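User: Please examine the structure below and answer some questions on its helix packing and ring contacts.

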Amino acid sequence: MCGIVGYIGRNSAVDILLDGLTSLEYRGYDSSGIAVNIDGKVQLYKAAGKLQNLKDIVEKNYAEISKSTIGIGHIRWATHGAPTVENAHPHSCNCGKLAVVHNGIIENFKELKEKLEKQGCTFRSQTDTETVAHLVASKFSQTHDLTEAVRLATKEIEGAYALCVIHQDVKDTIVATRRNAPLVVGFGDGENFVASDVPALIQYTKKAMYLDDNQIVTLTPDSVKLIDIDNNPVVQKVEMLPWEPVALSKMGYKHFMLKEIHEQPDVVRNVLSGKLRAIDEPIVLKEVTLDREKLKDLNRIQIVACGTSLHAAMVGKYLIEDFCGISVDVEPSSEYIYRKTITDKNTLVIGVSQSGETADTITAVRQAKSKGSHILIVTNRPDSTMAREADSLIPVNAGIEVSVAATKSYMAQLISFYLLAIYIAEVKGVNDLRDLKHELIILPQKIEKVLAHKEDIQQCARKFSGSKDFIFIARGINFPTALEGALKLKEISYINATGYTAGELKHGPIAMLDESMPVLSILMSGKVYDKILSNSEEAKARNARMIALTDSTDPKLNELFDCIIRVPEISEILSPALAVVPLQLLAYYIAEFLGKDVDQPRNLAKSVTVE
Ligand code: M6R
């Protein structure tokens with residue numbers, strides 16, 4: 001949530017800042033800005049809306065702006081104050097000599113603001129961040145030392161932040177710090193970088209250092225100095241990033257989301273590779289470092305996650321309970337952290353997160369860790385803050401996902417849960433899961449078949465794109481699929497969509513049904529098929545417009561459903577990994593028909609680093 005980038009060196013800063021912001025656009029995109037030093041003066045350039053608006057402003061003033069060899073930049077996801085130019089970062093103080101960019105939330109900003117106003121500071125924005133600008137400026141006027149000013153300011157700030165600060169009286173210096181928000185420093189030759197995330201650096205350097213909470217770094221073109229909040233020097237590991245610069249290309253697809261949906265067969269193959277070698281061989285999951293004897297005796301697992309990752313976790317619960325007989329609780333991280341949980345050293349706690357930066361989930365796993373639980377993290381970002389909390393780390397290897405709506409990372413999380421559940425069952429010596437292993441191996445071909453018939457889904461999307469509301473129903477292991485289908489639709493088309501367990505329909509939601517309401521039944525063969533069919537009949541009897549997502553070829557379905565989306569036959573237990581694909585496509589095509597910004601839907605961000 002919000003991305004920050006800083007450059008100091010001998011080259012022009014502006015292109016590096018704009019490149020960095022482009023690769024951080026997934027963190028927010030409602031306004032952006034840069035601060036540079038032109039002829040000894042700090043100058044701010046800001047724009048509301050997409051990053052392109054800032055790029056247009058820069059282009060007009062390029063001759064001037066490109067003189068600067070120092071700069072900080074920001075891409076915003078608004079928390080305090082609307083996404084206007086005044087609220088866009090960087091923010092400055094009264095004298096205009098200082099500029100600050102911030103990712104996070106300053107929780108005590110009201111108290112600080114009151115104090116600073118009494119001292120004569122004039123505020124120009126509604127943001128919490130502007131308090132930091134005034135506070136650091138006031139400390140600087142006492143100390144004339146930017147690092148010390150930032151250090152003293154952070155002693156008074158409460159909340160989460162990654163900050164970068166420049167001041168025109170201290171040329172050739174950027175000071176940056178963090179608490180509960182990510183920040184990474186990149187080392188160059190005669191130049192240094194700082195950013196919220198690796199993609200902003202990787203074109204320029206692979207040598208990097210992740211900051212820990214409450215560390216303050218001072219960058220000049222030739223030096224990187226690190227201290228802690230008590231002014232003690234700190235030595236931090238410098239590592240070579242295992243990343244290649246990636247040209248983020250849509251490869252001919254109209255949107256990243258569509259490309260990422262199509263990558264799913266290969267994502268499944270990648271996740272299985274080296275772990276599921278043959279159906280008669282045990283699953284290899286070296287990443288799980290919990291002692292096998294402890295794993296055998298485990299009787300409680302808690303899984304914490306948010307959004308789409310939460311839906312993957314719900315499928316995981318179903319699998320682990322079914323295959324291994326271990327009781328599993330799944331809870332949104334944001335709820336888990338504000339109640340008394342029964343978590344101890346005998347509980348395995350699994351954190352699931354595509355980004356590895358979701359603040360609620362990080363807090364949840366930290367809480368569990370402090371109670372002695374073994375922490376297993378399932379993430380697409382093995383270099384993330386959450387990954388660094390892990391005792392066991394399962395990287396899901398989906399590759400970079402650009403579209404804000406998670407698709408292939410969900411698939412990778414699901415497949416990782418299948419592997420984990422089979423692995424635990426094998427360690428415990430319960431259940432013969434060879435049939436499932438065989439099905440996992442051939443799953444990519446089945447997904448390919450669904451993708452090959454996407455025109456059918458496109459037609460269905462066209463038919464229903466005018467709907468104001470949507471209901472998804474399912475039972476059992478596909479209830480999370482219904483939730484995920486509804487979430488995808490909401491996120492990118494802004495249609496009000498809700499997933500229900502089909503059996504609950506008659507306990508209230510059925511009151512909403514009439515000829516204007518589409519009901520999509522996830523009707524996969526298995527033990528709940530007949531039940532969902534009856535629930536679908538009940539909906540049809542209330543004149544709802546019926547859509548089936550099914551692997552059944554029963555011709556009788558034609559009478560009940562206005563539209564049928566067919567997928568290849570699959571066992572009920574593996575069906576969530578196939579059934580979700582047409583739902584992703586349905587959401588995609590509806591959003592596309594409605595002309596929505598599919599890859600960057602309003603109000604969302606790919607990485608949610610605030611609680
Ligand atoms: O990075 P995480 O998986 O922890 O993110 C959790 C949610 O913010 C995320 O899944 C969100 O719901 C996505 N936009 C779903 O498409």
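Analyst: A charge counts as lying over a ring if NZ of Lys or CZ of Arg is within 6 Å of the ring centre and within 35 degrees of the ring normal. The model discussed here is predicted.

User: At what distance from the ring centre does arginine 602 lie over the face of tyrosine 494?

Analyst: The cut-off for such a contact is 6 Å from the ring centre. Arginine 602 lies over the face of tyrosine 494, and its distance from the ring centre is 3.9 Å.

User: How are helix H1 and helix H2 oriented, parallel or antiparallel?

Analyst: The axes of H1 (residues 14-23) and H2 (residues 51-60) come within 11 Å and cross at roughly 170°. Angles over 145 degrees count as roughly antiparallel. H1 is therefore, relative to H2, roughly antiparallel.

User: Which residues of H2 make the contact with H1?

Analyst: The residues of this contact divide into 6 nonpolar, 1 polar and 1 charged. H1 contributes Val14, Leu18, Leu21 and Thr22, and H2 contributes Leu51, Leu54, Lys55 and Val58.

User: How many residues apart in sequence are the parts tied together by tyrosine 7 and phenylalanine 193?

Analyst: These two residues form a tilted aromatic pair, 5.3 Å centre to centre with 55° between the planes. Both tyrosine 7 and phenylalanine 193 are buried. Tyrosine 7 belongs to strand S1 and phenylalanine 193 to strand S10, so the separation of the parts in sequence is 186 residues.

User: What kind of pair do phenylalanine 464 and phenylalanine 470 form?

Analyst: Phenylalanine 464 is buried at 1% relative accessibility, and phenylalanine 470 is buried as well, with a relative accessible area of 1%. Their ring centres are 6.2 Å apart and the planes lie at 65°, so the pair is edge-to-face.

Note on methods. Residues are numbered from 1 along each chain as its sequence is written. This is a predicted model: local features need pLDDT of at least 70, side-chain atom pairs count only at pLDDT 80 or more; totals for chains, interfaces and linings use all residues. Side-chain values use heavy atoms; hydrogens and water are left out. Axes are lines fitted to C-alpha atoms, for helices over the stretch in contact, and angles run from 0 to 180 degrees between N-to-C directions. Helices (H or I, at least four residues) and strands (E, at least two) are DSSP runs, numbered from the N terminus. Angles under 35 degrees count as roughly parallel, over 145 as roughly antiparallel, 65 to 115 as roughly perpendicular and the rest as oblique. Contact means heavy atoms within 4.5 Å. Ala, Val, Leu, Ile, Met, Phe, Trp, Tyr, Cys and Pro count as nonpolar, Asp, Glu, Lys and Arg as charged, and the others, Gly among them, as polar. Rings of Phe, Tyr and Trp (its six-membered ring) pair if their centres lie within 6.5 Å; planes under 30 degrees apart count as stacked, over 60 as edge-to-face and the rest as tilted. Buried means under 20% relative accessible area, exposed over 50%, partly exposed in between (1.4 Å probe, protein chains only).
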